[in-house]
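Please look over the sequence and the model shown below before reading on. The report then takes up a few residues, some charged pairs, a sheet and the protein as a whole.

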Amino acid sequence: MEGGWLVLAAVLIAARAQNNRNDGPRFLSRGHSYRAVVGDTLLLPCQVQNLGSLVLLWRRGPAVLTAASLMVTRDERFRLVDGYNLQITDVGPQDAGDYVCQISDRISRDQVHTVEVLVPPSVRASPESKHAAARRGGAAVLECRASGNPVPTVTWHKLKLPVPTNWPELNDTNTRLGEGPQLQLSRLERHHSGRYACTVDNGVGPPIVTEFQLQVLYPPEITVERSWVHTGEGFRAELLCTVHADPPAEVGWYQNSFPLSASERITMSARGNNHTLLIANVQPEDFGNYSCVADNSLGRARQHVEVSGRPGPAVFTSPPLARRAASYLLAFAVDSYPPLDELRLLYRQLAINESFQQPGRWHDVVIPAPEPAGSLTHRVTHELRGLQPGAVYEAIVQAKNRYGWNEVSDIFQFHTLGGAHTAHADELTPMFAAASKNQLAYCVILTALYIMNALA
């Protein structure tokens, strides 16, 4: 009985095998989409059952790559592995496309694999020298034409620091300007000069950073540290001017329109954009007007500095709030190398409430010159009496030595005690700010007073 069952099983297996042979060839593998990076090795499967005497072809478009086990293509990067699997080594961009594994029968059954080749980014920079120059007020265009697969993004930055090795993780230290193949800069100014970078990235391989240098050309621009330098005979004077120019400027110093040359007492030096004129052991002929002059191919600039022995402007040192109702001790300091010869004070009451609709009249006071201080700074005090309680006053001071009068001081405001309204220090600030705008008017007043005194 058992032998009968075995015979029956053998008959069934043989019948099934015969049926499979009658079904004809069929694919065991399936079509698929593959992504490979340039330089990789790619294996495309093609597994067929019951191929029999039929021929298996690999095609790419109209071109036949293999027929059975015969390599038709002359490209040595292609070969068959483990039967009819197609291997491609050193994959390149040209290998992208559809690959067809086809059974050469009347039905022409086939299996399709799609290959996408991922290409790291590359960039073509313009200008090729990576250096651009344009005049101030003009325009400049920097360009990074990128290629790769996927299509790369292009990001622009203005560099503040050298490009770090792990760029772009540290690009927060730089200024992001935008995206796109071109960076267009218009209405160029001096601050546009510097280093720019485009970063090209598509996620395949490391990003590419290309650095450019932009040079904005402009005529010289000069600023001086001080337009008035105070000194005295036997002392020294230091004049400083800062010059910005591109192309770099030739810088020279002049006294009263005559060029200066280095000597035992005169030293000229430069450090970066800063140019210094140092006059040692100042003599009377050294006082006067000096000029810092800068020239380049685009123009010339000039700034003036006065070297003077006249006193420096008075600086008030007394507090703005008086200790008494009807008097105030005014204190100020004046820098002067020679002794002071004369001091003049102007003060008046300000209208800040309904009791005074107009400022009071000016009081002109000549203050005796203090005894020689033996130092640069002369400290002076003067008590003002007969003041109104609870009132705000303003004062200006001018000093004279043997070289002449100094510039009028800044306006100083103070407040006496008492009255219906007592000002606080913060209330004096806006009045001071408003009065400062009228500094020229006070100079005119002083001049008029001097003329009236002379006529009298």
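Arg 109 is found in the loop that runs between strand S10 (97-103) and strand S11 (110-126), where helices (H or I, at least four residues) and strands (E, at least two) are DSSP runs, numbered from the N terminus. The model is a predicted one, in which local features need a pLDDT of at least 70 and side-chain atom pairs count only at pLDDT 80 or more, while totals for chains, interfaces and linings use all residues. Residues are numbered from 1 along each chain as its sequence is written, and side-chain values use heavy atoms, with hydrogens and water left out.

With a relative accessible area of 26%, Arg 109 is partly exposed; buried means under 20% relative accessible area, exposed means over 50%, and partly exposed lies in between (1.4 Å probe, protein chains only). If residues up to four places away in sequence are not counted, Arg 109 touches Pro 25, Phe 27, Cys 101, Gln 102 and Ile 103, a contact being heavy atoms within 4.5 Å. Although Arg 109 and Phe 27 are 82 residues apart in sequence, their C-alpha atoms are 8.9 Å apart in space. The side chain of Arg 109 also reaches the backbone oxygen of Pro 25 at 2.8 Å. This is a polar contact, defined as a pair of N or O atoms within 3.5 Å; within protein, one must be able to donate a hydrogen and the other to accept it, and residues adjacent in sequence count only if both atoms are side-chain atoms.

## Asparagine 401

Is Asn 401 buried or exposed? Asn 401, which lies in strand S32 (residues 392-401), is buried, with a relative accessible area of 0%. A polar atom of its side chain lies 2.8 Å from the backbone oxygen of Gly 309, and the side chains of Asn 401 and Ser 336 are joined by a polar contact of 2.9 Å. Leaving aside neighbours within four places in sequence, the residues in contact with Asn 401 include Arg 310, Pro 311, Pro 338 and Leu 340.

## Salt bridges

The structure holds 16 salt bridges, each being a side-chain nitrogen of Lys or Arg within 4 Å of a carboxyl oxygen of Asp or Glu. One of them is formed by the side chains of Arg 77 and Asp 95 (2.8 Å, N to O). Arg 77 lies in the loop between strand S7 (70-71) and strand S8 (78-81), and Asp 95 in the loop between strand S9 (85-88) and S10, so the pair ties together parts that are 18 residues apart in sequence. Both Arg 77 and Asp 95 are buried, and together with Asp 75 they are linked in a network of salt bridges.

Another salt bridge brings together the side chains of Glu 221 and Arg 136 (2.2 Å, N to O). This pair links distant parts of the chain, with Glu 221 in strand S18 (residues 208-224) and Arg 136 in the loop between strand S12 (131-135) and strand S13 (140-149), 85 residues apart. Glu 221 is partly exposed, at a relative accessible area of 26%, and Arg 136 is partly exposed as well, at 32%.

The side chains of Glu 394 and Arg 348 also meet in a salt bridge (2.9 Å, N to O). Here Glu 394 belongs to strand S32 and Arg 348 to strand S29 (residues 342-350), so that distant parts of the chain, 46 residues apart, are linked. Both Glu 394 and Arg 348 are buried.

## An open sheet

Five strands form an open sheet in the order S19-S26-S25-S21-S22, with mixed pairing; two strands pair if DSSP finds at least two bridges between them. Strand S19 (228-230) and strand S22 (258-259) stand at the edges, each with a single partner strand, so one side of each is left without a neighbour in the sheet. Strand S21 (residues 250-255) and strand S25 (residues 288-296) pair in the antiparallel sense over 6 bridges, and the bridge partner of Val 251 in S25 is Ala 294.

## The whole protein and its confidence

The protein has 3 helices and 34 strands, and 38% of its 456 residues count as buried. The average pLDDT, which is the predictor's confidence in each residue from 0 to 100, is 85, and 82% of the residues score at least 70. Confidence is lowest in helix H2 (residues 425-436), at a mean of 42, and highest in strand S24 (residues 274-279), at 97. Over residues 1-21 the pLDDT is below 50, and this stretch has 1 contact in the model beyond near neighbours in sequence.
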